Amino acid sequence: MAKIVDKVDLYDDRGKKLLGDVPITALSPLRNPAIRKICGMVARLAAVDLAGLEKKLQTGAIAGKQMLIRGKTLDLDIVGKADAIASQMKEMLTVEEGDETSVKKIGGGKRLLAEVPNARILADYSAARTNVCAALTHALIDTFGVSMWDAPKVKAAVWGMYPQDPAMAGTAVATLVDVPISNEGPGYTLRNIPVNHIAATVRKRAMPGACLSMILEESACYEMGDAIGPFERGHLLDLAFEGLNANNVLYNLIKDNGRDGTLADVVYACAEKAKADGIAKTKTKMGSGYSIYGTDDLQMWNAYASAGMLAAVMVNCAAMRAGQPVPSSIMYFNELLEHETGLPGVDYGKAQGTSVSSSFFSHSIYGGGGPGVFHGNHIVTRHAKGQIIPCFCAAMCIDADTQYFAPSRTSGLYGEVLGAIPEFAEPMQAVAEGAKSIM
Amino acid sequence: MPQFTPGSSSVAENRRKFMDPTKKLEKLRDIAEEDVVRMLAHRAPGEAYKSIHPPIEELEEPECSVREMVKPTPGAAAGDRIRYVQFTDSMFFAPATPRIRPMMWFNRYRGIDPGVLSGRTIVEARERDVEAIAKEYIDNETYDTARTGLRGRTVHGHSVRLDQDGVMFDALRRSTRDARTGDIKYIKDMVGGAMDKEVTLGKPLSDDELLKRTTMFRNAQGGTWMEADDPEVADVIAQIHWNRTWGGFQPFIKRNEIKGDKDAGVKEMKLYTPRGGVE
């Protein structure tokens with residue numbers, strides 16, 4: 001198997017060089033410390049809704065919709081005792097003194113943010129959620145001296161419908177990643193985060209948003225077995241050029257076409273860049289004078305096309321200051337690029353195919369979703385491996401609140417919590433620094 | 001200079017003309033802006049634009065490099081609502097086709113959200129941008145008054161037989177043909193609602209003229225038969241399909257290492273229907 005020898009220069013979202021001559025292997029989710037930290041925290045963070053829990057117990061509506069049992073209530077001052085609950089939970093979750101464990105109050109004790117230590121995850125990331133649920137249940141029973149006869153109410157309010165429903169409907173503990181049974185398939189864990197959470201985390205800045213989104217998508221590709229052997233280079237190139245603005249290709253495409261360019265102008269500029277860099281070469285001249293292009297490096301072509309697709313989405317969506325054109329932008333970027341060159345669109349046709357179904361689901365044709373609640377863990381979005389969800393995130397960053405599912409409405413808490421962690425707030429810089437430390 | 005799309009037939013040339021923003025599309029009629037607004041039925045003629053957010057200049061936008069590089073369209077800058085215009089193109093050689101419309105609009109407009117459904121094509125944009133697109137594309141050569149329709153709902157007509165006078169079928173009877181002058185006029189708005197005034201669009205093009213102007217390959221009634229008359233177009237589609245399959249298999253190998261690799265094209269493509277088609 002050929003060794004991966006490609007190197008790129010990394011630039012930030014304003015076209016400033018961050019790091020030169022970076023071997024793309026230093027961007028691998030398996031090696032880059034910043035990416036490892038991001039993925040690790042995504043799997044280990046849990047948010048506890050104490051105020052909601054208090055209300056559930058007061059009303060007897062303990063396990064979500066229509067699960068109301070009148071008379072089965074408890075009046076506990078949970079928010080008032082948030083400090084005691086948090087310190088007990090921390091003590092129980094800690095494995096070794098000084099490990100990553102933390103349980104912090106948010107919003108004056110209405111919520112808790114818990115970080116479960118790495119050591120608790122032996123094989124299944126669900127350990128983060130189960131251990132937080134269990135620690136919370138015990139801390140409540142202990143803090144309020146709940147009797148044996150009332151304890152099941154506390155358990156049900158914390159764990160929701162578990163064990164009847166393994167997805168734990170109505171639980172008081174939320175994690176960024178969902179339980180394994182909610183995954184579309186093996187390895188999909190990191191693809192199950194709505195783009196609005198990511199948009200809120202980066203404070204609605206399009207390029208860092210796309211970067212963070214792509215880090216999670218590409219990391220999932222590794223876990224899905226999609227980046228094995230000679231296929232790995234393709235994933236690393238896509239991540240570099242689309243997610244990390246390698247060689248400033250993405251930035252320049254937007255800058256050159258941002259003032260008055262159309263989506264098609266980005267297509268042609270992308271094709272020209274690929275020709276100028278020797279990636280696309282004339283293969284056959286047809287009777288009408290039309291040239292079919294070929295390539296000696298299809299993975300590199302795909303990386304250029306991926307960067308072009310994100311640039312095209314950004315130019316078209318930002319001109320409209322709206323997130324809704326993202327599926328049509330993906331579709332026609334690829335359609336126009338294929339008919340301009342004869343070479344395949346992003347992910348060899350899969351991005352375009354995915355855009356068809358996501359158009360329907362993002363425009364309330366089937367159901368009432370919007371691009372903001374999209375993630376890669378869905379039957380209509382999963383097929384392109386890594387490249388399209390960053391476009392959805394960028395589009396929702398740019399949206400001037402024209403969407404019903406806006407990041408401010410769906411993801412305020414995630415923005416507040418994750419946005420305070422440097423690797424999440426500035427992923428482009430963090431990955432460059434991480435790469436530098438292992439080069 | 002972009003190539004846009006392959007082929008040497010009049011269909012391919014028309015497609016390139018529609019897509020090339022340096023080519024001005026021929027204006028066949030001049031419908032008053034007020035009448036376009038009337039037919040769209042999003043606002044009453046003369047009524048102010050409603051907005052969904054304050055003008056961009058008054059908004060506190062995040063410090064986002066993409067927003068700084070990309071200028072909003074006039075409608076986005078003003079905070080207009082997002083509205084739509086939708087066209088149905090008859091398969092009986094309407095000048096435009098559902099597929100060519102987004103390819104043409106994405107070459108000519110910024111900040112748009114088109115969608116092709118079965119036989120009709122919608123484009124959503126900020127309200128004043130939609131009105132500009134609607135006016136231009138009702139006025140120009142992509143619109144034939146008999147074979148193209150402005151249809152917000154009950155859009156059927158694309159693949160339905162023509163009415164006896166050669167006009168595309170419309171279940172809502174939004175337009176009518178003036179028996180005396182031959183003019184097509186809209187008597188209902190885009191969604192079939194009442195209008196305070198009829199809007200005359202003018203006379204349809206002749207069948208010969210439509211065949212010259214169409215962007216549709218269709219092997220019937222004298223249409224251009226892609227496989228036989230312009231095989232280059234089929235060859236490029238085959239090439240794209242080949243390349244997609246190559247990438248889906250092993251994108252790290254050279255294409256000429258694949259068994260059965262040929263140069264572009266599908267030689268001696270089997271043609272299942274005779275020239276003239278089967279109706």
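Which residues line the largest cavity? Before the answer, some ground rules. This is a predicted model, where local features need pLDDT of at least 70 and side-chain atom pairs count only at pLDDT 80 or more, while totals for chains, interfaces and linings use all residues. Residues are numbered from 1 along each chain as its sequence is written, chains are lettered from A and ligands numbered from 1 in the order in which they are written, and side-chain values use heavy atoms, with hydrogens and water left out.

**The cavity in chain A**

The lining consists of Leu45(A), Ala46(A), Ala47(A), Leu113(A), Ala174(A), Thr175(A), Leu176(A), Leu413(A), Tyr414(A), Val417(A) and Leu418(A). A cavity here is a set of points on a 1 Å grid over the protein atoms alone where a 1.4 Å probe fits but cannot get out, and lining residues have an atom within 4 Å of a point.

Helices (H or I, at least four residues) and strands (E, at least two) are DSSP runs, numbered from the N terminus. By class, the lining has 10 nonpolar residues, one polar and no charged. Nonpolar means Ala, Val, Leu, Ile, Met, Phe, Trp, Tyr, Cys and Pro; charged means Asp, Glu, Lys and Arg; the others, Gly among them, are polar.

Where does the largest cavity sit relative to the domains? Domain 1 (7-31 + 190-431) and domain 2 (44-182) of chain A both give residues to its lining, so it lies between them. Those bounds come from an automatic or database domain assignment. The centres of the two domains of chain A, taken over C-alpha atoms, are 37 Å apart. Across the boundary, 10 residues of domain 1 of chain A are in contact (heavy atoms within 4.5 Å) with 11 residues of domain 2 of chain A.

**Two sheets in chain B**

Over in chain B, an open antiparallel sheet of four strands has the order E2-E3-E1-E4. Its edge strands are E2 and E4 (148-150) of chain B, each pairing on one side only. The twist averages 20° from one strand to the next. Two strands pair if DSSP finds at least two bridges between them.

Helix H5 (residues 100-108) of chain B packs on this sheet, touching E1, E2, E3 and E4 of chain B, and its direction makes about 25° with that of E3(B). Axes are lines fitted to C-alpha atoms, for helices over the stretch in contact, and angles run from 0 to 180 degrees between N-to-C directions. In the hairpin of E2(B) and E3(B), two residues lie between the strands, and Gly119(B) takes a positive phi near 85°.

The other open sheet is antiparallel too, three strands in the order E5-E6-E7 of chain B. E5 (175-177) and E7 (194-202) of chain B each have a single partner strand, so one side of each is left without a neighbour in the sheet. Here the twist averages 25° from one strand to the next. Helix H2 (residues 33-40) of chain B lies across E6 and E7 of chain B, at about 120° to E7(B).

Some antiparallel pairs from these sheets:

| Strand pair | Bridges |
|---|---|
| E2 (residues 113-117) and E3 (residues 120-126) of chain B | five bridges |
| E1 (residues 82-89) of chain B and E4(B) | three bridges |
| E6 (residues 184-188) of chain B and E7(B) | four bridges |

Key. On a 1 Å grid over the protein atoms alone, a cavity is a set of points where a 1.4 Å probe fits but cannot get out, and a pocket is an open set with protein on both sides within 12 Å along at least five of seven lines; lining residues have an atom within 4 Å of a point.
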